[in-house]
Amino acid sequence: VAERLELPKVVVDRARDLLDDGVRQVSDLISELEQQRDEARMAAEELAEQRALGESHAISVAERLELPKVVVDRARDLLDDGVRQVSDLISELEQQRDEARMAAEELAEQRALGESHAIS
């Protein structure tokens, strides 16, 4: 009788081990899938950010190339608000950079004139 009771316990123990292994494997698979999902989400966000920056940069390049205002305005309308804000910021920074360069060139010219007058 004791041997008969032992057999079901072995079967139950083995079934429990298999179930534990299965649960562990499913849990590992879920963790792996969640990690892959997170990596895919981050890659998609990075791609969207790069696309937005590229689109906004395209607007500022079009402005620098002095494309017709109607073309630039239409392109700007097609961009979403976030991209448009980045585009406006880039344009503003480029304008400030250009103004700073012009001011530096004027200052260099004034110095050169001042030095030539001082030598004379």
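A helix here is a DSSP run of H or I covering at least four residues, numbered from the N terminus. By that count, this predicted model has 3 helices and 0 strands. Along the sequence the pattern reads α-α-α. Arg-24 and Asp-21 both sit in helix H1, 3 residues apart, or about one turn of the helix.

**Confidence and exposure**
- The average pLDDT of the protein is 77, and 75% of the residues score at least 70.
- Among the elements, H2 has the highest mean pLDDT (82) and H1 the lowest (75).
- Of the 120 residues, 11% count as buried.
- The protein exposes about 10,200 Å², with carbon and sulfur atoms supplying 58% of that area.

- The whole structure contains 4 salt bridges.
- Side chains of opposite charge can pair when their charged atoms come close.
- Arg-24 and Asp-21 meet in a salt bridge through their side chains, at 2.7 Å from N to O.
- Both partners are partly exposed: Arg-24 has a relative accessible area of 47%, and Asp-21 has 33%.
- Asp-13 forms a salt bridge with Arg-16, where the closest N and O atoms are 3.8 Å apart.
- Asp-13 and Arg-16 are separated by about one helical turn because they lie 3 residues apart in helix H1.
- Asp-13 is partly exposed at 29% relative accessibility, and Arg-16 is partly exposed at 47%.

**Loop between H1 and H2**
- Glu-66 lies in the loop between helix H1 (2-64) and H2.
- Most residues other than glycine have a negative phi.
- Glu-66 has a positive phi of about 60°, although it is not a glycine.
- Glu-66 counts as exposed because its relative accessibility is 68%, and the cut-off is over 50%.

- The side chains of Asp-73 and Lys-69 meet in a salt bridge at 2.8 Å, N to O.
- Asp-73 and Lys-69 are 4 residues apart in helix H2, so about one helical turn separates them.
- Asp-73 is partly exposed, with a relative accessible area of 28%, whereas Lys-69 is exposed at 61%.
- Leu-65, Leu-67, Val-70 and Val-71 form a nonpolar patch on the surface.
- Together, these four residues have about 390 Å² of accessible area.
- Val-70 belongs to helix H2 (residues 69-78).
- Val-70 is exposed, with a relative accessible area of 63%.

How values were computed. Residues are numbered from 1 along each chain as its sequence is written. This is a predicted model: local features need pLDDT of at least 70, side-chain atom pairs count only at pLDDT 80 or more; totals for chains, interfaces and linings use all residues. Side-chain values use heavy atoms; hydrogens and water are left out. Patches are made of residues with over 30% relative accessible area and no salt bridge: like charges are joined within 9 Å, nonpolar side chains (Val, Leu, Ile, Met, Phe, Trp, Tyr) within 5 Å. Accessible areas come from the Shrake-Rupley method with a 1.4 Å probe; for residues, only the protein chains shown count as cover. Helices (H or I, at least four residues) and strands (E, at least two) are DSSP runs, numbered from the N terminus. Buried means under 20% relative accessible area, exposed over 50%, partly exposed in between (1.4 Å probe, protein chains only). pLDDT is the predictor's confidence in each residue, from 0 to 100.
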